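User: Here's the model I'd like to go through. Can you take my questions as they come?

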Amino acid sequence: MNTLKTLPDGNIQITIDYVFVKRSGRKQIVMKEDRENPENLDMGVIRALARGRYWNSKLDNGEYSTIREIAEIVGIDESYVARIIRLSALSPFIVRTFLNGTSPSDLSLSKLLSAPLPESWEEQHKMFGVKF
């Protein structure tokens, strides 16, 4: 809780609740009540989630037949495309934490892409430290 207090000696004491948030590889200090502020969104993760769902839908509807085809068309490494598409299996609750700016500060795109993704959403929550 943020407070402003005048001390007996006339000085002012300001107390601010904050958290360290890692965004795009950099640590930022964010006031706790600002966690849901759109300025605190990790747009790199959000873009990756959107791309993964988009590319997955293109595979599902038959517009593209393989991950290799997507990679060639967009000019990105095939293994990266595969890892991004895998994010479409991420728990909707975890996705929502990124969309509202409340994802765990240590949960980065790098961490999402490097870890094996359990099928169980409950296991994903445990693995990534997301409280449901």
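Analyst: Start with K126, which is exposed at a relative accessible area of 54%. Buried means under 20% relative accessible area, exposed over 50%, partly exposed in between (1.4 Å probe, protein chains only). This is a predicted model: local features need pLDDT of at least 70, side-chain atom pairs count only at pLDDT 80 or more, and totals for chains, interfaces and linings use all residues. Residues are numbered from 1 along each chain as its sequence is written, and side-chain values use heavy atoms, leaving out hydrogens and water.

User: Which side chain does K126 meet in a salt bridge at 3.7 Å?

Analyst: That of E123, N to O. A salt bridge here is a side-chain nitrogen of Lys or Arg within 4 Å of a carboxyl oxygen of Asp or Glu. K126 and E123 are three residues apart in helix α6, so about one helical turn separates them. Salt bridges with shared partners join E122, E123 and K126 into one network.

User: And the E122 end?

Analyst: The E122 and K126 side chains meet at 3.6 Å, N to O. They sit four residues apart in α6 (residues 121–128), again about one helical turn. E122 is exposed, while E123 is partly exposed at 38%.

User: How many salt bridges does the structure hold?

Analyst: Five. One of them pairs K111 with D106 at 3.7 Å, N to O. K111 is partly exposed at 29%, and D106 is partly exposed at 46%.

User: Switching to S91. Buried or exposed?

Analyst: S91 is buried, with a relative accessible area of 1%. It lies in the loop between α3 and α4. Its side chain makes a polar contact with the H125 side chain at 2.7 Å. A polar contact is a pair of N or O atoms within 3.5 Å; within protein, one must be able to donate a hydrogen and the other to accept it, and residues adjacent in sequence count only if both atoms are side-chain atoms. A polar atom of the S91 side chain also lies 3.1 Å from the backbone nitrogen of F93.

User: What does S91 touch?

Analyst: W121, Q124 and H125, not counting residues up to four places away in sequence. Contact means heavy atoms within 4.5 Å.

User: What does α1 pack against?

Analyst: Its buried residues pack against α2 (67–74), α3 (78–86), α4 (92–99) and α5 (109–114). Those buried residues include W55 and K58.

User: And the overall order of elements?

Analyst: From the N terminus, β-β-β-β-α-α-α-α-α-α. Helices (H or I, at least four residues) and strands (E, at least two) are DSSP runs, numbered from the N terminus.
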